[in-house]
Amino acid sequence: MYTGKGSVDVSDLGVGAGFVLRLARGIPKHKNYKLFFDNWFSSLDLAQTLSDQGILTLATVRANRLKGCALESDSNLKARGRGSYDWRVETQSNAIVVKWYDNKPIHLISTYAALDPEDTCRWWDGKRKEYADVKRPYCVKEYNRFMGGVDLADMLLELYRIDFKSRSKWYMRIFFFLFDLSVVNGWLLYRRCLAAGQKPMNLLQFKTDVARALLSGASLATPKRDSTRLEGQGHFPAWIESKQRCRVCVQAHSKVKCVKCEVSLCFTPNRNCLLTYHTM
């Protein structure tokens with residue numbers, strides 16, 4: 001058990017905590033609603049603030065945000081084996097801090113979920129090449145069950161993240177992150193809006209379709225091409241003297257163009273981008 005620093009000034013909580021508090025404004029207070037978030041946002045002060053507002057929390061937390069909370073060292077937990085843990089209770093907000101050793105130490109903080117009822121889970125042991133039973137506190141089980149939102153978004157972003165390697169244009173990393181995030185959110189909305197029984201395309205297919213649509217769309221200076229490509233009349237192939245990059249394949253070159261859209265498109269026995277462009 002240890003003592004926190006007392007009252008918390010909301011303005012000192014930081015940007016991440018500020019986001020959580022703004023998003024939590026619509027949650028009914030003192031109704032046992034539970035809020036989950038990851039270690040980018042969490043801190044003891046945030047847990048105490050939400051507890052004062054009547055909102056229960058469970059989150060992973062970074063070790064450097066647990067100042068004054070002395071937990072067992074990483075080496076000791078590792079020596080005790082996978083599934084070992086240590087814990088403390090913060091007296092101001094009655095929050096429990098748990099350090100659980102999995103592949104590496106994981107810190108959690110909660111104002112409602114503690115150690116019991118403890119259970120076991122099956123994990124793959126890479127060294128022994130077999131499954132093993134690992135002891136797990138209740139707060140870990142609870143977090144794994146409800147972590148969905150933020151952790152799921154991070155996982156989906158990592159699957160097909162845009163690979164951008166530039167040290168000078170740092171702002172481009174922000175742009176591509178926001179673009180990836182928009183595509184992932186669009187895919188989740190697409191799945192939500194599907195008709196009952198309709199099979200959704202996976203994220204890779206969705207992102208590929210978005211890329212094709214962006215590559216096939218005309219520039220702002222020539223809006224007519226994109227607005228007319230799906231019209232069913234006047235789209236005839238014509239030969240051109242020099243090969244040009246196909247609007248659909250991008251990597252391939254073709255000597256065929258659409259006379260109406262004025263874009264080059266592959267039209268071969270193995271690939272019919274002319275048809276794809278006017279129907280997709």
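A salt bridge is taken here as a side-chain nitrogen of Lys or Arg lying within 4 Å of a carboxyl oxygen of Asp or Glu. With that meaning in hand, a search of the whole structure, which is a predicted model, returns nine salt bridges.

**Charged pairs**

| Pair | N to O separation |
|---|---|
| Arg80 and Glu72 | 2.6 Å |
| Arg82 and Asp102 | 2.8 Å |
| Asp119 and Lys141 | 4.0 Å |

In the salt bridge between Arg80 and Glu72, Arg80 is partly exposed with a relative accessible area of 47%, and Glu72 is likewise partly exposed, at 22% relative accessibility.

The side chains of Arg82 and Asp102 also meet in a salt bridge. Arg82 sits in the loop between helix 3 (74-80) and strand 3, while Asp102 sits in the loop between strand 4 and strand 5, so this pair ties together parts of the chain that are 20 residues apart in sequence. Arg82 is partly exposed, its relative accessible area being 29%, whereas Asp102 has a value of 10% and is therefore buried, the cut-off for that class being under 20%.

A further salt bridge brings together the side chains of Asp119 and Lys141. Here too distant parts of the chain are linked, with Asp119 in strand 6 and Lys141 in helix 4 (residues 138-146), 22 residues apart. Asp119 is buried, with a relative accessible area of 19%, and Lys141 counts as partly exposed at 39%. Salt bridges that share partners join Asp119, Lys141 and Arg136 into one network.

**A helix with buried residues**

Which residues of helix 2 (residues 44-52) are buried? They are Leu44, Leu46, Ala47, Gln48, Thr49 and Leu50. The elements that cover these buried residues include helix 1 and strand 1, together with strand 2 (56-60), strand 3 (85-90), strand 4 (95-101) and strand 5 (105-110). Just after helix 2, the backbone at Gly54 takes a positive phi of about 85°.

**Backbone geometry in the loops**

The loop between helix 1 (15-23) and strand 1 (34-37) contains Pro28, and His30 lies in the loop between these two elements as well. Pro28 counts as partly exposed, at 35% relative accessibility, and its C-alpha atom is separated by 8.0 Å from that of Ile55, a residue 27 positions away along the chain. His30 has a positive phi of about 55° although it is not a glycine, and with a relative accessible area of 60% it is exposed.

Glu262 is another residue other than glycine with a positive phi, in this case near 60°. Glu262 is found in the loop between strand 9 (253-258) and helix 9 (273-279), where it is partly exposed, with a relative accessible area of 49%.

A cis peptide bond, with omega about 0°, joins Asp116 and Pro117. Pro117 belongs to the loop between strand 5 and strand 6 (119-125).

**A nonpolar surface patch**

On the surface, Leu152, Met155, Leu159, Tyr160 and Leu204 form a nonpolar patch whose accessible area together is about 430 Å². Helix 5 (residues 148-159) contributes the largest share of this patch, namely three residues. Leu159 lies in helix 5 and is partly exposed, with a relative accessible area of 45%.

**The annotated segment and model confidence**

An unreviewed UniProt entry lists residues 170-190 as "transmembrane region".

The mean pLDDT of the protein is 83, with 89% of its residues reaching 70 or more. Over residues 218-225, however, pLDDT stays under 50, and for these residues the model has eight contacts beyond four places in sequence.

Notes. Residues numbered from 1 in each chain as written. Predicted model: local features only at pLDDT ≥ 70, side-chain atom pairs only at ≥ 80, totals over all residues. Heavy atoms only, no water. Patch = residues over 30% accessible without salt bridge, like charges linked within 9 Å, V, L, I, M, F, W, Y side chains within 5 Å. Areas by Shrake-Rupley, 256 points an atom, 1.4 Å probe, with all protein chains shown as cover. Helix = DSSP H or I, 4+ residues; strand = E, 2+ residues; numbered from the N terminus. Buried < 20%, exposed > 50% of the residue type's maximum accessible area, 1.4 Å probe, protein only. pLDDT = per-residue confidence, 0-100. Contact = heavy atoms within 4.5 Å. UniProt positions renumbered as here; feature names shortened; annotations may be inferred.
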